[in-house]
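Dear colleague,

Please find below the structure that I am handing over to you. A short account of the findings follows it.

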Amino acid sequence: MTDAGQDKPDLTNGVSESELTDGATLVGQVGDDAVLLARRGGEIFAIGATCTHYGGQLGEGLIVEDTVRCPWHHACFSLRTGEALAAPALNATSCWRIEQRDGRIFVHDKIPEVGQQMPATLRPTDGPSGRMVIIGGGGAGNAAAEMLRREGYAGGVTIISDDAAAPYDRPNLSKDYLAGTAPEEWIPLRPPEFYADNGIELRLGTTATAIDIARRHVMLGGGEELGFDKLLLATDAEPIRLQVPGADLPHVRTLRSLADSRDLIARAPKGSHAVVVGASFIGLEAAAALRHRQVEVHVVAPEARPMERVLGPELGDFVRQLHESHGVVFHLGHTVGAIEAGRVRLDNGVPIDADLVVVGIGVRPRIHLAQQAGLVIDRGVLVNNILKPARPGFSPPETSPAGPTPTAASSCASSTGSLPSGTARLQRAICSAGASATPPFRSSGASTTTCRSITSATPMHGTRLFRTAIRIPTMQRCASAKPVARWPSRRSSAAVRAYWRKPLWNEAGRRRFKKGFLWREPYMPLGPERVKLGRTGAAAELPLNL
């Protein structure tokens with residue numbers, strides 16, 4: 001892998017085949033484009049080196065068979081075609097022609113029409129058509145609808161969403177958009193005409209109130225009924241509300257939707273006072289964004305260090321110092337006792353001025369529809385490895401091991417009917433997309449609600465904390481004396497390489513591509529930041545995508 005700051009070779013002049021061992025990658029240039037070379041066995045591939053989601057460097061990613069995983073949010077791309085196989089990336093990356101001669105590898109022109117695009121016309125499938133109804137208009141539901149069309153599903157596809165806005169980039173709501181550094185036109189995942197052009201019906205501002213599986217109907221608000229042949233639940237999660245006196249006052253807000261983010265922006269003029277309740281991802285991202293707007297921010301949380309339970313004490317202290325250096329005031333070891341007009345009173349009686357209170361104390365899965373429909377609930381909806389749920393008295397049916405892993409399935413929605421043929425990639429896409437929506441499902445193959453492996457730990461925005469190469473039970477193991485991982489590269493196991501992404505406060509910024517624009521990225525890799533961990537004093541470089 002190419003180190004940051006190292007000159008990239010000109011791949012049109014060729015590189016020695018010996019520089020690219022099996023499973024390794026190399027990033028070079030072809031004109032103005034960064035290109036990733038990768039070898040798997042006897043095959044060599046060349047695709048664009050930048051993730052089409054948020055601009056992550058695929059050269060720092062993980063090669064898995066004939067795919068590459070982005071190190072930032074785990075988007076997955078085919079090395080053969082450049083196709084985006086799994087969310088959060090929706091668009092393919094570029095592909096390049098390769099020539100091998102005289103022991104060298106040459107990269108030439110870009111191959112047009114790469115990646116599997118949406119079909120120009122809907123073609124019939126091997127199985128029945130019918131209507132697929134998707135309940136939930138977040139990233140998971142949107143990705144599922146897209147993959148159905150990409151796989152040629154010719155039936156009707158309807159997305160039911162209680163949100164007034166078309167599917168959008170939810171993680172941005174607490175980051176760049178809230179900070180004022182990303183315009184609203186970047187927030188939608190697709191333009192409005194995309195859904196009409198591809199036969200995807202959006203029922204926005206519509207609430208599904210009940211499911212009748214026997215009759216195959218979804219009851220909607222207002223008494224309307226919508227029939228389906230197949231149903232996909234991608235119902236996302238909802239913020240946990242604060243249960244203290246005054247929590248229902250109008251200036252007490254949560255942050256989950258585009259409407260929530262707009263409301264916070266309107267309530268947070270320069271010089272105002274905000275109290276953020278909760279020192280985890282939502283709370284700290286909101287604190288960073290509001291400080292960028294020159295709002296005075298106080299963070300209240302019961303723990304001794306921010307995010308200590310997830311990251312451990314060393315990094316918890318680092319996170320606190322980083323935020324404090326930019327003006328955030330912490331009140332740790334305390335809770336909110338009461339909220340009044342213009343102030344928050346802590347459990348010890350200390351008052352804090354507050355024109356705005358942002359509650360970020362976690363989310364809970366939306367499982368009421370699944371419960372009402374009679375599906376088996378066990379801290380989520382019990383599903384098998386192709387997302388099919390159990391009914392009372394029955395376990396989910398056994399399936400082929402070729403489907404998604406139980407851990408992956410636990411991160412995605414469930415279906416109440418057989419998916420169309422040839423949709424293993426659809427299932428993978430839904431599994432990956434589910435990570436960005438924190439949906440309420442768990443697999444019958446593993447109790448992921450109690451699993452503390454790093455690979456399954458997903459904050460509420462779906463930003464994966466650690467690369468899949470690290471497989472350790474808890475963050476505390478990472479601070480132990482023993483090495484925790486060995487990368488499939490030239491890196492040693494003593495230093496796990498990744499990047500700290502500092503929230504908002506790097507004045508130099510970084511320009512990156514986002515939907516055809518160049519823009520300043522305040523959440524940029526600064527790294528690697530080296531943090532001493534454990535008794536050995538070895539420096540471990542840990543990726544924390546705040």
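Is C76 buried or exposed? With a relative accessible area of 7%, C76 is buried. Please note that this is a predicted model.

Another cysteine, C51, also counts as buried, at 4% relative accessibility. The search of the whole structure found zero disulfides. For C51, the nearest cysteine sulfur belongs to C70 and is 3.9 Å away; a disulfide would require the two sulfur atoms to be within 2.5 Å, so C51 is in no disulfide.

Helix α5 covers residues 281-292 and spans 17 Å from its first C-alpha to its last, close to the expected 16 Å. Of its 12 residues, 10 are buried, among them F281, E285 and L290. Just after α5, Q294 has a positive phi of about 65 degrees.

The salt bridges number 25. In one of them, E201 pairs with R131, with their closest N and O atoms 3.7 Å apart. E201 belongs to strand β13 and R131 to strand β11, so this pair ties together parts that are 70 residues apart in sequence. Both residues are partly exposed, E201 at 34% and R131 at 29%.

R170 and D236 form another salt bridge, at 3.3 Å from N to O. Each lies in a loop, and the pair ties together parts that are 66 residues apart in sequence. R170 and D236 are both buried.

A further salt bridge joins E238 and R366 at 3.7 Å, linking strand β18 to the loop between β27 and α8, 128 residues apart. Finally, salt bridges with shared partners connect R131, E201, R203 and E224 in one network.

Yours sincerely

Terms used. Residues numbered from 1 in each chain as written. Predicted model: local features only at pLDDT ≥ 70, side-chain atom pairs only at ≥ 80, totals over all residues. Heavy atoms only, no water. Buried < 20%, exposed > 50% of the residue type's maximum accessible area, 1.4 Å probe, protein only. Helix = DSSP H or I, 4+ residues; strand = E, 2+ residues; numbered from the N terminus. Expected span 1.5 Å × (residues − 1). Salt bridge = Lys/Arg side-chain N within 4 Å of Asp/Glu carboxyl O.
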